[in-house]
Amino acid sequence: MTAGNGNDTLFLANISKHVYAFDISQEAIIRSRKRLAEKHNVTLICDSHVNIDKYIKDKIRLFIFNLGYLPNSDELRITKANDTLVAFKKAYDLLEEGGYIIITFYIGHRGGKDEYYLLDDYIKKNRFQLLETYRQDRIESPITYIIRKS
Ligand SMILES: C[S@@+](CC[C@H](N)C(=O)[O-])C[C@H]1O[C@@H](n2cnc3c(N)ncnc32)[C@H](O)[C@@H]1O
């Protein structure tokens with residue numbers, strides 16, 4: 001859901017039949033294309049993850065949201081709470097039964113905190129199956145949730 005430098009996409013390409021990778025940043029798509037040059041099972045899409053349903057018609061086994069901004073780039077092109085919530089809802093609709101969403105929040109900056117609170121509230125109020133929460137023992141370290149659709 002956030003291609004960035006293509007690291008998560010490469011990981012997924014090695015274990016999947018096909019990967020769709022989205023990013024609003026042209027720079028991220030260029031970096032990812034380089035990183036994934038030898039992979040033939042990846043579709044890179046320069047668009048917001050808010051629009052995933054325009055591109056994906058299949059059921060999906062696993063979504064990865066690695067939020068925030070592209071390292072060493074424009075920090076203003078950051079994921080935004082309301083868009084992330086829309087994308088999360090669409091991803092959940094496209095997820096197959098028993099599939100997973102892995103989502104990592106970076107709460108060290110203001111927008112990241114708002115994003116975390118909004119999504120956390122939505123996930124808990126709607127009683128999604130939250131399998132795991134990872135958080136290092138450090139102030140404002142990233143938080144990762146693993147959610148399963150059941
Ligand atoms: C932390 S980086 C992702 C790292 C990446 N998964 C990797 O493996 O290198 C966050 C990315 O989200 C992208 N982004 C921000 N808003 C977005 C949106 N609405 N839709 C898709 N990508 C977005 C940024 O451009 C940035 O590249």
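This is a short walk through one predicted protein chain, from its overall build down to a few single residues.

First, the conventions. The model is predicted, so local features need pLDDT of at least 70 and side-chain atom pairs count only at pLDDT 80 or more, while totals for chains, interfaces and linings use all residues. Residues are numbered from 1 along each chain as its sequence is written, and side-chain values use heavy atoms, with hydrogens and water left out.

Overall build. The chain has 5 helices and 6 strands. Helices (H or I, at least four residues) and strands (E, at least two) are DSSP runs, numbered from the N terminus. In sequence order the pattern is α-β-α-β-α-β-α-β-α-β-β. The C-alpha atoms fill a box of roughly 40 × 35 × 30 Å along the principal axes. The radius of gyration is 15 Å, which agrees with the value near 15 Å for a compact globule of 150 residues. That radius is taken over C-alpha atoms, and the globule rule is 2.2 Å times the number of residues to the power 0.38.

Of the 150 residues, 43% count as buried. Buried means under 20% relative accessible area, exposed means over 50%, and partly exposed is in between, with a 1.4 Å probe and protein chains only. Among contacts (heavy atoms within 4.5 Å) with a separation of 6 or more, 68% come from residues 24 or more positions apart.

Now the strands. Strand β4, residues 95-105, has two partners to mention here. With β3, residues 60-66, the pairing is parallel over 6 bridges; two strands pair if DSSP finds at least two bridges between them. In that pair, L62 stands opposite Y100 of β4. With β6, residues 143-148, β4 runs antiparallel, again over 6 bridges. There F105 has I143 as its bridge partner.

What is the handedness of the unit made by β3, helix α4 and β4? It is a right-handed β-α-β unit, with α4 covering residues 81-94. Right-handed here means that, with the strands pointing away from the viewer, the path from the first strand over the helix to the second runs clockwise.

Next, helix α2, residues 26-35. A28, I29 and S32 are buried in this helix. They lie on the same side of α2 because they cover an arc of only 100° around the axis, the arc being that of the directions from the helix axis to the C-beta atoms. At the N-terminal end, S25 caps α2, with a side-chain oxygen 3.3 Å from the backbone nitrogen of E27.

Two loop residues have positive phi without being glycine. N72, between β3 and α4, has a phi of about 55° and is exposed at 75% relative accessibility. R127, between α5 (110-125) and β5 (129-135), has a phi of about 50° and is exposed with a relative accessible area of 75%.

Last, E140. This residue sits in the loop between β5 and β6 and is partly exposed, at 36%. Beyond its neighbours within four places in sequence, E140 contacts I107, G108, K113 and R135. K113 is 27 residues away in sequence and 9.2 Å away in space, C-alpha to C-alpha. The side chains of E140 and K113 are joined by a polar contact of 2.6 Å. A polar contact is a pair of N or O atoms within 3.5 Å; within protein, one must be able to donate a hydrogen and the other to accept it, and residues adjacent in sequence count only if both atoms are side-chain atoms.
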